[in-house]
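Here are my notes for anyone opening this one for the first time. Have a look around before you read on.

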Amino acid sequence: MLSILTNNYGTLMSGLGYTLLSSLIALVFSLIIGTVFALMEISPHKWLRVIGKLYVEVIRNIPLLIITMGFYVIVPKYLLPVDGFTAGTIGLTIYTSAFIAETVRAGIQSVAVGQMEGARSVGLTYTQAMSQIVFPQAIKIVIPPLGNQFINLVKNSSILAFVAGFDLMYQGKIIANATFNTFDTYLVVGLLYLILTMPLSYLMRHLEKKWVTA
Amino acid sequence: MHKLKLWLTVAVLCVVAGVAAGCGRSVADQDALAHAKKTNTIVWGVKADTRLFGLMNTKTGKIQGFEVDMANALTKQVLGKSAKATLVQVTSDTRVPMLKGGNLDAVIATMTITPERQKVLDFTDSYFKAGQSLLVKKGSKIKSIKDLTAGTKVIGVQGSNSVDNVKKAAPATTVLQLADYAQAFTALKSGQGDALSTDNGILYGMSQQDPDYVVVGGTFTKEPYGIALNKGQTNLRKALNKALQELRADGTYEKLINKWFSDIPGFDIKEVA
Amino acid sequence: MQSFIDAYSQVNLHYLLEGLWVTVEVSVTSILFSFLIGTLLGIARYINVRIFSAAVGFVIDLIRNLPLLLILFFTYFALPNIGIRLGVIPASIVAMTIFESAMLAEIVRSGINAVPVGQMEAARSNGLSYVQAMVHIILPQAFKAMIPPIVSQFISLVKDTSLATIILLPELTYHAQIIYGQDVNYTIPMFVALAVLYFVVNYALSLGARLINRRLNHA
């Protein structure tokens, strides 16, 4: 098992790098997109609500693999060239954004309605009340579930293996094929994923406990 | 509380015992020929995504191709007329782990005999002499392996030695490895790469399906396909080699080659048999 | 447009539905097993028997933090190395069950946690044993709260079966790949069909869950 790690150290580390890079990019963009759609879902405008709801429901109910393959195969054919890494990261971003939208929406809605009404009655606009009163409270509520989404995101980034995205899983498959040592290779790859996700997972549990008691 | 604890302990022990019971001697080490005779079948790993060699027909749910016909003929030749071949779908990615795991007796799936593979697997004599080539869009500036310079991208399939061959013959190019041939060809058509490289027989199958894509530059490697077996399966290997010779002698082999490859433009039957 | 008409031939649609059936079969079997195992694990973690619960908790965390794709590889390709050999469908079910049990265990644990402690105390003081109190009083209340997260887990499961194409499980996505393997022009129609079919199944599931939830909250 050790020989798999030492002989392929460079390959595995580059895979780990791509996995991390893809996860970070997808995290940032899915947070932005997810928040935008969450705000649309609770917007006072009916058609914005419809678009927001539609986006979330459609994306949430389609497998990540289908979304990613769509970007890998269809987009370059008709629109612009995207490589496997980009297609995988875009797929990951869009998929995750739907879950983040749901989390953020639930967070905002759990802030008491009275807060918004109170803020409006003292003369704040909807945007001001949302950004200064409701949103800061909601963030505290949504941080733990968002952390879980990030862990999911790191794990889901293994989808890049399907589209030659050079991530950890892709390199793992190649090493398994080259060495014929499937068992040890996937053991090593599994450990590397755990190194990424376990600390996150415990950090989240810690934060959750701290905030629940606070 | 105590009852529950006891009950849970029993449950956990059951699971552990169940797993441990499964850990016997690997089937891969047992004599595959003796087992095949007992069950009157040989379990073959075949391709289901490769035109001409092994392709799933969605209408009938059956896999068709040269290798499928060979698997059927060889099974009957080894075990007798009443025997049937059991076909299990594999890809380049899954065939070795499945064979080593004992899910299969033999693999007849466009698999080149290479020294690296011979370290972990046994092979029969070659039944098809392929060579690696390139598939490109008609009118592409890539005419041969020499045109694969820096900045070009070549698509290959995971687990196939064709990827290593490209890296050796054209070190400057970027190789993208996809899971199977259908996805690889789809990726080529989507412009994810400039060429698709694998064995010529497979490429001609793709070109037959979409004439907008052509095989160029001739072959740059020799790829003798063999039937892969687990290490130490000498009895089965000898039986299959004997059956191969018999099929060549009685004309069955030639008939099958002609059935699948005689209509393919640009393909030389004499070269492969 | 022609490629869409050709791609959705009766034969191909039938083949897709065959794949959908395998998807449903594997999903339903896995969720049933996961529900049983997940409940046991969740309780094991909840009751807090010193080393045992901590060990269960650690294993659950390990599994929850690994990609499902890796667990699939492992059950199908790596386990045979130590003598455990499974066909594609059992291997997929085992992998899904391992993964989903860990997910459900967490849902069950937090579900039980949400039932007020007083309920257990009251049941015990009325003469019920711990097991009786758990089975008759605590779990029914906990399950009611767990329905929405369990359904969303089930939806993930249905979607995640598509990952098993990598070990050639003959489910919906794999069948679509076989179809566009025959004619590459069918690629895009097949992706559209996949998106629609998964959406229909999963959306129906979430609508059903909403209905059950409403009923339970009224009762």
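1. Ground rules first. This is a predicted model, where local features need pLDDT of at least 70 and side-chain atom pairs count only at pLDDT 80 or more, while totals for chains, interfaces and linings use all residues. Residues are numbered from 1 along each chain as its sequence is written, chains are lettered from A and ligands numbered from 1 in the order in which they are written, and side-chain values use heavy atoms, with hydrogens and water left out.

2. Chain B has eleven helices and 13 strands; these are DSSP runs numbered from the N terminus, with helices being H or I of at least four residues and strands E of at least two. Of the 273 residues in chain B, 57% are buried, meaning under 20% relative accessible area with a 1.4 Å probe and protein chains only (over 50% is exposed, and in between is partly exposed). The accessible surface of chain B is about 11600 Å², and 55% of that belongs to carbon and sulfur atoms (Shrake-Rupley method, 1.4 Å probe; for residues, only the protein chains shown count as cover).

3. Staying with chain B, take its contacts (heavy atoms within 4.5 Å) with a separation of 6 or more: residues 24 or more positions apart account for 71% of them.

4. Now chain C against chain B. Here 32 residues of chain C are in contact with 36 residues of chain B, and the two chains bury about 3000 Å² between them, 67% of it on carbon and sulfur atoms. Buried area is the accessible area (1.4 Å probe) that two parts lose on being put together, summed over both. Arg85(C), Gln182(C) and Val184(C) supply 20% of what chain C buries there, more than any other three residues.

5. What holds the polar side of that interface? The count is zero salt bridges (a side-chain nitrogen of Lys or Arg within 4 Å of a carboxyl oxygen of Asp or Glu). Five residue pairs are in polar contact, both at pLDDT 80 or more; that takes a pair of N or O atoms within 3.5 Å, where within protein one must be able to donate a hydrogen and the other to accept it, and residues adjacent in sequence count only if both atoms are side-chain atoms. On the side of chain C that touches chain B, the residues divide into 23 nonpolar, seven polar and two charged (Ala, Val, Leu, Ile, Met, Phe, Trp, Tyr, Cys and Pro count as nonpolar, Asp, Glu, Lys and Arg as charged, and the others, Gly among them, as polar).

6. Chain C also meets chain A: 39 residues of chain C are in contact with 37 of chain A. About 3300 Å² is buried between them, with carbon and sulfur atoms giving 70%. Asn65(C), Lys159(C) and Phe191(C) supply 19% of the area chain C buries against chain A, more than any other three residues.

7. Across the interface of chain C and chain A there are three salt bridges. One to look up joins the side chains of Glu57(A) and Arg210(C), at 3.3 Å, N to O. Eight residue pairs are in polar contact. Helix 9 of chain C gives the most to the side that touches chain A, with eleven residues, and that side divides into 25 nonpolar, eight polar and six charged residues.

8. Gln171(A) is found in helix 8 of chain A, residues 168–179. Is Gln171(A) buried or exposed? Gln171(A) is buried, because its relative accessible area is 10%. Leaving out residues up to four places away in sequence, Gln171(A) touches Thr11(A), Ser14(A), Gly15(A) and Phe166(A).
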